[in-house]
Amino acid sequence: MAYQSHNPFPAECANGINRVAAYQMYISDVYLTLAYYFTEPTVMPPFALFLEDMSAVKWDQSREILKFLGRHNRINSVAFVQRVNIGHMGTPEEGLTYVVNLEEELTWIMEDLQTSASRAHETHLVKLVKEFMAKQKRQKRFLEWQILDQRKLEEYKQQRRLSENPAGASVSSEDT
């Protein structure tokens with residue numbers, strides 16, 4: 001059974017929830033954009049499906065936390081959700097690093113919300129934020145592993161290019 005409160009909680013908590021929800025919506029859009037950005041007609045990197053799945057997860061989490069806010073009768077308006085304008089991501093590693101940085105920022109926003117909820121003695125909100133933060137930690141760790149895999153793949157490609165061109169002639173990264 002869902003938690004239902006008849007007392008609205010402090011505006012600081014409501015504002016924190018709005019920030020978390022808006023940022024999760026933004027990250028959801030980033031994940032989806034990057035999933036399609038790095039998917040080519042012939043090759044799909046292993047992390048592309050993860051990014052696509054994470055887009056849905058982030059969107060669902062934002063809806064869940066907004067529902068929590070709605071049960072407290074504190075929905076005034078949802079914070080403005082910035083549209084993604086990533087620009088050019090040269091490599092998958094750059095894209096993954098960008099997402100890791102966004103996840104770190106979201107963790108800080110969630111920590112602020114958790115602090116506000118603790119001060120307001122909102123135990124249900126603290127519990128919800130802790131659950132999200134545990135998921136956040138796993139997602140970030142997976143992304144960091146993907147970055148390491150991309151680095152290893154690039155090192156392998158570089159070694160392969162060097163072994164195919166032992167004379168030491170210059171080989172551009174576009175020759176892969």
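Reader: Is Phe50 buried or exposed?
Author: Phe50 is buried, with a relative accessible area of 17%. Buried means under 20% relative accessible area, exposed over 50% and partly exposed in between, with a 1.4 Å probe and protein chains only. This is a predicted model, in which local features need pLDDT of at least 70 and side-chain atom pairs pLDDT 80 or more, while totals for chains, interfaces and linings use all residues. Residues are numbered from 1 along each chain as its sequence is written, and side-chain values use heavy atoms, leaving out hydrogens and water.

Reader: What share of the chain is buried?
Author: Of the 176 residues in the protein chain, 38% are buried.

Reader: How many helices and strands does the chain have?
Author: Helices (H or I, at least four residues) and strands (E, at least two) are DSSP runs, numbered from the N terminus. The protein chain has 4 helices and 0 strands, and its pattern along the sequence is α-α-α-α.

Reader: What span should helix α3 have?
Author: The expected span is 1.5 Å times one less than the number of residues. Helix α3 (residues 92-119) has 28 residues and so should span 40 Å; its end C-alpha atoms lie 41 Å apart, which agrees. Just after α3, His121 takes a positive phi of about 60°.

Reader: What does Met110 touch?
Author: Met110 is found in helix α3 and is buried, at 1% relative accessibility. Leaving aside residues up to four places away in sequence, Met110 touches Val20, Gln24, Val129, Phe132, Met133 and Gln136. From Met110 to Gln136 is 26 residues in sequence and 9.8 Å in space, C-alpha to C-alpha. Ser116, also in helix α3, is buried at 7%. Ser116 touches Glu12 and Cys13, with residues up to four places away in sequence again not counted.

Reader: What share of contacts joins residues 24 or more positions apart?
Author: Such residues account for 80% of the contacts in the protein chain with a separation of 6 or more.

Reader: How many aromatic pairs are there?
Author: Rings of Phe, Tyr and Trp (its six-membered ring) pair if their centres lie within 6.5 Å; planes under 30 degrees apart are stacked, over 60 edge-to-face, the rest tilted. The count is 2 aromatic pairs. Tyr23 and Tyr26 form a tilted pair, at 6.0 Å centre to centre with 50° between the planes. These two tyrosines are 3 residues apart in helix α1 (residues 11-37), so about one helical turn separates Tyr23 from Tyr26. Tyr23 is buried at 19% relative accessibility, and Tyr26 is buried at 9%. Phe50 and Phe142 also form a tilted pair, with centres 4.2 Å apart and planes at 45°.

Reader: Which helices does the Phe50 and Phe142 pair link?
Author: Phe50 is in helix α2 and Phe142 in helix α4 (residues 123-164), so the pair links distant parts of the chain, 92 residues apart. Phe142 is partly exposed, with a relative accessible area of 27%, whereas Phe50 is buried.

Conventions
Contact means heavy atoms within 4.5 Å.
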